[in-house]
Amino acid sequence: MLQLNFLPFPILESERLRFRKLTNEDAPEIIVLRGNPETMKFIPRPLVVDIEGALAHIKMINDKIDENLDINWAVTEKGSDKCIGIMGFYRTQPEHFRTELGYMIKTCCLGTCFTKSWLCKRSSF
């Protein structure tokens, strides 16, 4: 069976993007991402509408990383530490060498080809 180990947390970069661990300081951006009904229309989860909900979401993501179950990155543009999206692997099944790729990006970044850059970087991880 595949053994996952996300420690130390892998910080990755592409030509235009940086992929780092989510922190509590990202809570306002999590509200923008997960509080937008249009962004969330295909994600069967409640909207995140306040700081407490955003902090709980960040904790859930980081707990799964600490337990080596799943991994998600905060995505930032190089030169900025502001989170513009989240991308990662979830519903990981190490016994079947299987995982799902999930991502969301702020609507202001749609059409920037960032998603293509993310996918190319993730496929090399």
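1. Two strands are taken to pair if DSSP finds at least two bridges between them, and strands (E, at least two residues) and helices (H or I, at least four) are DSSP runs numbered from the N terminus. The model is a predicted one, in which local features need pLDDT of at least 70 and side-chain atom pairs count only at pLDDT 80 or more, while totals for chains, interfaces and linings use all residues. Residues are numbered from 1 along each chain as its sequence is written, and side-chain values use heavy atoms, with hydrogens and water left out.

2. On that basis, strand 4 and strand 5 run antiparallel and are joined by 7 bridges. Isoleucine 86 has methionine 104 of strand 5 as its bridge partner, and glutamine 93 stands opposite arginine 98, also of strand 5. In the hairpin that these strands form, with 4 residues between them, phenylalanine 97 takes a positive phi near 55 degrees.

3. Glutamate 13 has arginine 18 of strand 2 as its bridge partner. Strand 2 is in turn paired with strand 3 in the antiparallel sense, over 4 bridges, and here arginine 20 is partnered by alanine 74 of strand 3.

4. Two backbone details deserve a check against the model. Most residues other than glycine have a negative phi, and most peptide bonds are trans. The peptide bond from leucine 7 to proline 8, however, is cis, with omega near -5 degrees, and proline 8 is placed in the segment before strand 1. Asparagine 68, in the loop between helix 2 and strand 3, has a positive phi near 55 degrees.

5. The contact, meaning heavy atoms within 4.5 Å, is made by residues including Ile30, Ile31 and Arg34 of helix 1 and Leu55, His57 and Ile58 of helix 2.

6. Which residues are the closest to the centre of the largest pocket? A pocket here is an open set of points on a 1 Å grid over the protein atoms alone, where a 1.4 Å probe fits and protein lies on both sides within 12 Å along at least five of seven lines; lining residues have an atom within 4 Å of a point. The largest pocket has a volume of about 620 Å³, the volume being the space filled by probe spheres set on the points. Of its 20 lining residues, Arg34, Ile43, Arg45, His57 and Tyr90 are the closest to its centre. Helix 2 gives the largest share of the lining, 5 residues.
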